Amino acid sequence: MSHHLRKRIPGLSSNPLPSDSREESPATAEEVILAPKSKVHHGKTRKRRNGFIFFLGGVFGIVVAGFFAGRSDLIDFPEFGELSMDNLLDVLPAGFVSDARDLARGEREAVNYDSFQVGLNLVAQGVRANHPVVMVPGVISTGLESWGTTNASRQYFRKRLWGSWSMMRALVLDKEGWKRHIMLDKKTGLDPPGGIKLRAAQGFDAADFFITGYWIWNKILENLATIGYDPTNSFTAAYDWRLSYANLEVRDQYFSRLKMYIEMSNEVLKKKVVIVSHSMGSQVLFYFFHWVASKNGGNGGDDWVEKNVDSWINISGCMLGALKGLPAVLSGEMKDTAQLNAFAVYGLEKFLSREERAEIFRGMPGISSMLPIGGNAVWGNATWAPDDLPEQNVSFGTFLNFKENNGSAHYRNLTVEQSFNYLMDVSEDWYNDQVKGSYSRGVAHTTAEVEANEKDSRKWINPLETRLPLAPNLKIYCFYAGIGKPTERSYFYRKPDNPLSSLNITIDTTLTTGNIDHGVILGEGDGTVNLLSVGYMCNKGWNMKRYNPAGVKIKVFEMPHEPERFSPRGGPNTGDHVDILGRSSLNDLILKVAAGKGDEIGENVVSDIKTYADRVKVYEEEGFFQSVLDELS
């Protein structure tokens, strides 16, 4: 037991939270044995605040870093105009001001490795551009610019209200106006009334940088260009990530445009395309594969993908959702907000309270596509989870854990499935309608179910309810980290301190011990998406006949998170969910696939994903019926 960490967590309760849950939580644990550090790779991980690239929670961090960088030689800030720094500094404690200056200085002084070198090395080996390349960015990666011309919108015309310093200026000087612009209509999920119109930026500029100096896809673009790519044979399929997938087509005809571009590339260049997707972009592309074949969508037929797509490069795809998405819409929180110190919390609440953040998250139905998929079969029940570690007597299966609150209220621990039901119970009717009308999160256990689901567009994001395209020559490459960076797996919650809060629970940030960081229980992943989500379908699910009837070839290459100590973005061997896009080995793999040399890539699985995948309670058809019989007996 010397290599395990034992801690006492007083008051861990199995008392009931008002819900319709039927599963009992385990008995109250006076002594909780936490996961071995070697498994969760906790170590001396730096708490870099890159979470703003996933959700709005970190927006404040960018604001502050931007203000202080604006006083240095790092970045030019023409968009801030008349913004008074004195007004901002008046409301921020001196310690927080100092922290922000240090953060900006560290980013400025970091050594930036030469991303062109990957392409140059391959050019020296004779590697050249071959297949046309289409890139599908992840959630919030694409900038959103205003095209409204009413009085309220005219000042923002063609300025980015997401993904630029114009966003920061609007957030600080006109917060209510910014919220009205950034949130979609709650009833329709489309543009809000009053002439407000935000649209996804287009071209490579749409996702190369989030804000000036903070790259996302830029390093991949640099390396693609080095081997011969340019706008004639590559394309960024940017989209408005706030919209539900169905509304991407209704409002923007996104999937129709993507279909036409791929067909045009195939026709002009006489080559099938390679599609590169990241994070939520992989879910968008999976939906597209169903839409393009369906008579109710693109009407391309079941052989469209076979005719037009050579390879799909799936980078850190959250195929089974992202667990951190649930607390974001439930209480406006996630690890990135829970870990903030007192000064940062003070500032964050000044700009966007928990209630406001939850409202904004819910007002973007696209984000809710990443709520966890598969329920208890994938994520575990009250006593068990497939990624539980030896001698871990508090299972990851209890996703929301509650403690007694001064003895005045009692709660029951909830699984992922129960947590989703709880979210639906406590959220507004309009949000329920948007989520349940757009997405499905179950498991199809038979081929008949899978085939029937091809006619139901709500199922098209879910790889456990639908199948891969009928494209036997399609090649799928799953490139992800999955290990080395502690990732949110479950949470401790409590009643909020503010009795007037519209949110009836909040993360218990007072609890830090072992692999519990400010109420967030950490497991394996890339800092944003859990190992089970990025790895299950690639390593196990798509090996099942009903999910892959055409026998599409799947190749997995894991890249552990091995950051450089003094690099704010992790350096050339990072596995962070966003920063991996600048990883040298990932860029090397992408270029080889695009150049038609994907066959040279071997498999590399270093995590325990195959063990975890075998424990997931999703079976081949005959195994499913046997499991039902076993339960009945």
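The legends below describe close-up views of a predicted model.

**View A. The disulfide between C478 and C538.** The sulfur atoms of C478 and C538 are 2.1 Å apart, and the count for the model is 1 disulfide. The torsion about the S-S bond is -80°, a left-handed link. This pair connects distant parts of the chain, with C478 in strand 13 (residues 475-480) and C538 in helix 22 (residues 531-539), 60 residues apart. Both C478 and C538 are buried.

**View B. The largest nonpolar core and W241.** This core holds 151 residues, and W241, F288, L464 and W542 have the most contacts inside it. Helix 12 (residues 280-293) gives the most to the core, with 9 residues. Beyond its neighbours within four places in sequence, W241 is in contact with residues including V139, I140, W162, M280, M364 and I367. Another core, of 6 residues, lies apart from the 151-residue one; among its members are F396, F492, I516 and I521.

**View C. The salt bridge between K175 and E356.** The closest N and O atoms of this pair are 3.0 Å apart. Because K175 lies in helix 8 (residues 175-182) and E356 in helix 17 (residues 354-362), the pair ties together parts that are 181 residues apart in sequence. K175 counts as partly exposed, at 21% relative accessibility, whereas E356 is buried, with a relative accessible area of 13%. The count for the model is 27 salt bridges.

**View D. The salt bridge between D614 and K540.** The side chains of D614 and K540 meet with an N to O distance of 3.3 Å. D614 is in helix 24 (residues 609-615), while K540 is in the loop between helix 22 and strand 18 (553-558), so that distant parts of the chain, 74 residues apart, are linked. D614 counts as exposed, at 54% relative accessibility, and K540 as partly exposed, with a relative accessible area of 22%.

**View E. Further salt bridges, with D456 and R458 as one pair.** The N to O distance between the side chains of D456 and R458 is 2.9 Å. R458 is partly exposed, with a relative accessible area of 32%. Elsewhere, a network of salt bridges links D191, R199, D240, R242, R251 and D252.

**View F. Helix 23 (residues 584-594).** The buried residues are L586, N587, L589, I590, L591, K592, V593 and A594. G596 follows helix 23 and has a positive phi, near 85°.

How values were computed:
Residues numbered from 1 in each chain as written. Predicted model: local features only at pLDDT ≥ 70, side-chain atom pairs only at ≥ 80, totals over all residues. Heavy atoms only, no water. Buried < 20%, exposed > 50% of the residue type's maximum accessible area, 1.4 Å probe, protein only. Helix = DSSP H or I, 4+ residues; strand = E, 2+ residues; numbered from the N terminus. Disulfide = S-S within 2.5 Å. Core = buried A, V, L, I, M, F, W, Y, C linked by side-chain atoms within 4.5 Å. Contact = heavy atoms within 4.5 Å. Salt bridge = Lys/Arg side-chain N within 4 Å of Asp/Glu carboxyl O.
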